[in-house]
Amino acid sequence: MSDVRQLLEKLWDDYAGLNPSAKAIQELLVATGERIVNDHIALRTFRDPKVGIDALAKAFIAGGYKARGEYDFPEKKLYARHYEHADVEMPKVFISELKLDECSPAVKEKVQALIAQVPDGLPAKENFAVSGRPWKVTWEEYEALAAESEYASWVAAFGFRANHFTIFVNALDTFDSLELLNGFLKDNGYKLNTSGGEIKGTPEVFLEQSSTLADRVEVKFDDGSRHVIPACYYEFAKRYPMPDGKLFQGFVAKSADKIFESTNRK
């Protein structure tokens, strides 16, 4: 249990270091008197026995997490699963993977060449989910992957780390709606992901989500070049009670599909 809490702390420290606006947004909200509760974190990977969802989930399962919902994103060739902990204060963990068999032969070959570079012992380590980029990748390879899959290029450039954290809007006092929170963020200079609308989802599907656009950071590639590309983003989720009165804990694939685009380059 303590180990999984430490892992979550490491994931946050790594994420906040790469995504300075997340820390700034937190500080902004805390300054208004808010207490920040994390709804979920998200991780990205490739479908492969060595590094797939099951490999990334091991440390979380060992820390008491259990698999819950499953999701499919045909257009982006992604599959995802989310995990929950018995302690409701613990954030949900959402892990997605790129279905390589549905990608072009060129992308599949490039990704498999990256996976082949992952040290054999790395996926078994407790901190695998926050181990960063374990392979060499050139700018040309990144560009080639991005031409077919923005998701593939993101994992190639950043490796294994949190793609985003999520503020649980229900726990906020000042902002009881995503409209209010989004307006506050925009007033403070933050740009939001407008793909599919600023707010994805509705009370009717028991979940509303919005997110910032990913911070753009300079990344050094293994050909020696440096390029500024989208890194991580901050998400905001408001959950609604289902007919049985319990708060919805899952995810809505149609909404998540658009949230993924927070890291798109265009």
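How exposed is Phe 206, and what is its relative accessible area? Phe 206 is partly exposed, at 23%, where buried means under 20% relative accessible area, exposed over 50% and partly exposed in between (1.4 Å probe, protein chains only).

These legends describe a predicted model, in which local features need pLDDT of at least 70, side-chain atom pairs count only at pLDDT 80 or more, and totals for chains, interfaces and linings use all residues. Residues are numbered from 1 along each chain as its sequence is written, and side-chain values use heavy atoms, leaving out hydrogens and water.

**View 1. Phe 206 sits in the loop between strand S6 (200–202) and strand S7 (207–211).** Helices (H or I, at least four residues) and strands (E, at least two) are DSSP runs, numbered from the N terminus. Phe 206 is not a glycine, yet its phi is positive, about 70 degrees.

**View 2. Lys 77 lies in the loop between strand S2 (65–73) and strand S3 (78–85).** Here too we meet a positive phi in a residue other than glycine, near 60 degrees. Lys 77 is partly exposed, with a relative accessible area of 23%.

**View 3. Helix H7 (residues 178–187) has buried residues Leu 178, Leu 181, Asn 182, Phe 184 and Leu 185.** They cover an arc of only 160 degrees around the axis, taken from the directions from the helix axis to the C-beta atoms, so they lie on the same side of H7. The face turned away from this buried side carries the exposed residues Glu 179 and Asp 187. After H7 comes Gly 189, with a positive phi near 95 degrees.
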